[in-house]
Amino acid sequence: MQMNVTISRFNPDTDSVPRMEPWQVNVEEGARVLNVLDAIHALDPTLAYRSSCRAGQCGSCAVKVNGEPVLACTEEAKEGMVIEPLDLPVIQDLMVDLISGISSIPRIHTCTCGTLPSQDEVAKMKPLRDCIECLSCVSVCPAMKVTDFLGPTSMRSQMRIALDPREPGNRIREAISQGLFTCTSCNRCWRVCPKDIETPGKAIEKLREIANREGLTLPRHQEVAELVRTTGRSVESGKHVFLDLVDEVIEPYGEVKREVGFFSGCMFNARLPERALDMIEVMRHAGIRVIIPKEQVCCGSPLIRTGQTSFLDEIKERNIKAFQDRGIKTVMTMCAGCGATLKHDYETPFEVKDVSEILTETGLPPLTKVPVTATYHDPCHLMNGQQITEQPREILKDAVERFVEMPAQCCGSGGGVRSGLPDEAAALGELRRTAINKTGADIVVTICPFCEYHIQEHSDRPVKNLMTVLVEALGKKPAEL
């Protein structure tokens, strides 16, 4: 069959910048991206790209297809696709410099002690040993754009070494010097990994736990953990507290179409209660009964991300009990970080859904589009942590006159970076400012309270929560306290 594709071409001897080149080639049904590149190469032998095993095991053929890193040998070719090199230094066309990245990956320093890993130790190492060093994760890491962070695949290697009894030394200080605390926990590396290695959760957060046991946690992170331990919340309360402002059960205006429990999270409870009140107004119009247990506390995400997990189980038990005792079957979150934590770090007797999932499943109330041009910022813990991207966009498109896309990118507020390494967070925030300005949007819309707070500090445009925009589309005035 015939297939039309566009590929990036760059010859350092003749080109100052890459150029996009259209091609039409004949390939078999079910062809892979690599088959398309081979077909183009047969017509133009100057096309530079890598391939070796052709079985998804060597990692050499990694490229971007429609903006996403993939292995060319395993990704199915699609009509109209755009093929580009990874976001790494380009040698020529689709061939990037892998040597510098691979050579910087830490390697084990074996000893002659004769100690071999036990079966249990081998099992723990295995998920981290599957890396094929394609550097897809490195190509998308936001921290590496603004710091000297050695990168996710290096942190993966450090954790794999930490689990190996054949390593004679303690490498945690080395990992810290290589940027252990610069990771924003955006999980982008996990989502683009062809081997599905959960580097943030299985390597970086575990290394931070080791650092914590050795007294190496960043001072600001220690302060946050102490706040959670003593108050049950990761942020200090402002003038108004959401849980003090509302009844435990809030009925809709009309018939009850659905019932959910609401996990408020620390930011909406203590710093941005107006946004949670906006959500309540939307739920009442949508026919959703909301139950809000007052005993709930911090989900524990700030502790998990920074490796301070000594009293995490107590927090989990308290939160689970608060909802389980009321017979709640579905817990709704409005904070992306809380949602990702409840879904992945808890074992709950109830299902957990983001507010955008609840509204798209139940249906929106009648809306009048707000006369603005809006763009949407994907919270990392929603897009990568929960793989939710379409629902917020569907809702926003129903609520505003014009929607414009913006490339997804971590804003810099996650993983303890905003509190522990504010300069790095600010640098990533400035990258968001540039992207926002390019859209020409009147407002920026997001769901995550941390993203909202941080982006507003780095944007000249108003940053609004999706629930606030929906209240405006209902013809109501957003909550003010």
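I take buried to mean under 20% relative accessible area, exposed over 50%, and partly exposed in between, with a 1.4 Å probe and protein chains only. The model is predicted, so I note that local features need pLDDT of at least 70 and side-chain atom pairs pLDDT 80 or more, while totals for chains, interfaces and linings use all residues. Residues are numbered from 1 along each chain as its sequence is written, and side-chain values use heavy atoms, without hydrogens and water.

Entry 1: A disulfide is a pair of cysteine sulfur atoms within 2.5 Å, and the structure holds 0 of them. For cysteine 193, the nearest cysteine sulfur is that of cysteine 134, 6.4 Å away. Cysteine 448 has its closest cysteine sulfur in cysteine 451, at 3.7 Å, which is too far for a bond. Cysteine 448 also counts as buried, at 5% relative accessibility.

**Entry 2: strand E3.** Helices (H or I, at least four residues) and strands (E, at least two) are DSSP runs, numbered from the N terminus. In a regular strand the side chains alternate between the two faces of the sheet. In E3 (residues 62–65), Ala62 and Lys64 point one way and Val63 and Val65 the other, and all are buried. Two strands pair if DSSP finds at least two bridges between them. I find 4 bridges from E3 to E4 (residues 68–71), and the two run antiparallel. Valine 65 stands opposite glutamate 68 in E4. The two strands form a hairpin with 2 residues between them, and asparagine 66 in the turn has a positive phi of about 50°. E3 is also joined to E5 (residues 82–84), antiparallel, by 2 bridges; here lysine 64 stands opposite glutamate 84.

**Entry 3: helices H21 and H22.** Axes are lines fitted to C-alpha atoms, for helices over the stretch in contact, and angles run from 0 to 180 degrees between N-to-C directions. H21 (residues 422–439) and H22 (residues 449–457) pack at about 75°, with axes 8 Å apart. Contact means heavy atoms within 4.5 Å. H21 contributes Ala425, Ala426, Gly429, Arg433 and Ile436, and H22 contributes His454, Ile455 and Glu457.

**Entry 4: a parallel sheet.** Which order do the strands of the open sheet of 4 strands have? I read E14-E13-E15-E16, with parallel pairing. The edge strands, E14 (400–404) and E16 (463–465), each pair on one side only. E13 (residues 370–376) and E15 (residues 443–446) are joined by 3 bridges, and alanine 374 stands opposite isoleucine 443 in E15.
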